[in-house]
Amino acid sequence: MGSKVALVTGASRGLGRAISIELAKEGYSIVVNYRKREEDARKTIDTLKKYGVDAVMAKADVSDPLQVQDMINVVTDNFDRLDVLVNNAGWGYLTRVADMDTGLWDRHIRVNLDGVFYVTRKALPLLSKSPSGRIINITSIAGIRGLPGLAAYSAAKAGVIGFTKALAQELSGSSITVNAVAVGFAKTEMGLSFFKATGVSVEDYEAKYTLTGKLVEPVEVARIVVYLSSEDARNITGNVFVVDSGQLLALPFPC
Ligand SMILES: NC(=O)c1ccc[n+]([C@@H]2O[C@H](COP(=O)([O-])OP(=O)(O)OC[C@H]3O[C@@H](n4cnc5c(N)ncnc54)[C@H](OP(=O)(O)O)[C@@H]3O)[C@@H](O)[C@H]2O)c1
């Protein structure tokens, strides 16, 4: 049997790239999904190959079931196995409910929630052949406490938590575990874009709205994903792990 295989959605940059790198360090072959930025996805692949693992790209918008099927075909054609699925692709845009049109609402739900369902449903037959299948859904503290200006995003990410817990129960007795990682504002393009949009400086936010004085680093999220993927975590399922520098317990989000 060859090395274990992980599919990481949204792996061209940000948390997905960090997760792919940490999994590659553990010897996983990686399928790097992205939506648009092929050059960034290629950079991820080049980095992964430095760790001596196989890595292939799979372009697909996770909110489109047909493209999701194409992405799963890439997994089957290249490896014919899947051990770890990390549903990481996500997107958010600051808009208060009163100003939100239906298109913007729908897009949040399609990418952040429907996408998790589409990918998971198609990945399950492969995961069920693994001796220890893992599904790890990247959600947000927005899905736990709700964040003003991010109602659609918060609703979708809360949905991911509900999906995680329900699926863990459906897969009771199987070799697949299902968990979620709820992330606080992190140092990625997406995280930093919220600071630009609100006009709050990173330093101010770190001082007032975290308990540790630092935003989340992508590698911190990646290491917990590695742990949940490991044999040590075989008995952990249906849980939500928070990586947030204490942001859930700090002051209200400033917008
Ligand atoms: N950063 C934070 O502060 C933060 C906090 C809490 C939760 N999260 C969650 O963590 C996850 C990763 O966020 P990030 O900060 O790494 O974001 P990011 O830096 O903006 O990267 C987003 C990644 O997702 C991909 N993507 C976006 N829409 C997609 C779609 N429809 N189909 C497939 N891929 C798609 C992008 O691909 P392209 O490069 O091709 O566009 C990119 O690889 C998301 O689920 C996000 O909601 C982030």
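The buried residues of helix α2 pack against α1, β2 and β3 (55-59), where helices (H or I, at least four residues) and strands (E, at least two) are DSSP runs numbered from the N terminus, and where two residues are in contact if their C-beta atoms, placed from the backbone, lie within 7 Å. The model is a predicted one, in which local features need pLDDT of at least 70, side-chain atom pairs count only at pLDDT 80 or more, and totals for chains, interfaces and linings use all residues. Residues are numbered from 1 along each chain as its sequence is written.

In α2, the residues A41, T44 and L48 are buried, a residue being buried if 20 or more other C-beta atoms lie within 10 Å of its own, exposed if 12 or fewer, and partly exposed in between, with C-beta atoms placed from the backbone. Seen down the axis of α2, its buried residues fall within an arc of 55°, taken from the directions from the helix axis to the C-beta atoms, so they line one face of the helix. On the other side of α2, E39 and D46 are exposed. An α-helix has 3.6 residues a turn, so residues three or four places apart point the same way.

The chain as a whole contains nine helices and seven strands, and buried residues account for 45% of its 255 residues. Among contacts between residues at least 6 apart in sequence, 75% join residues at least 24 apart. The C-alpha atoms of the chain fill a box of roughly 50 × 35 × 35 Å, taken along the principal axes.
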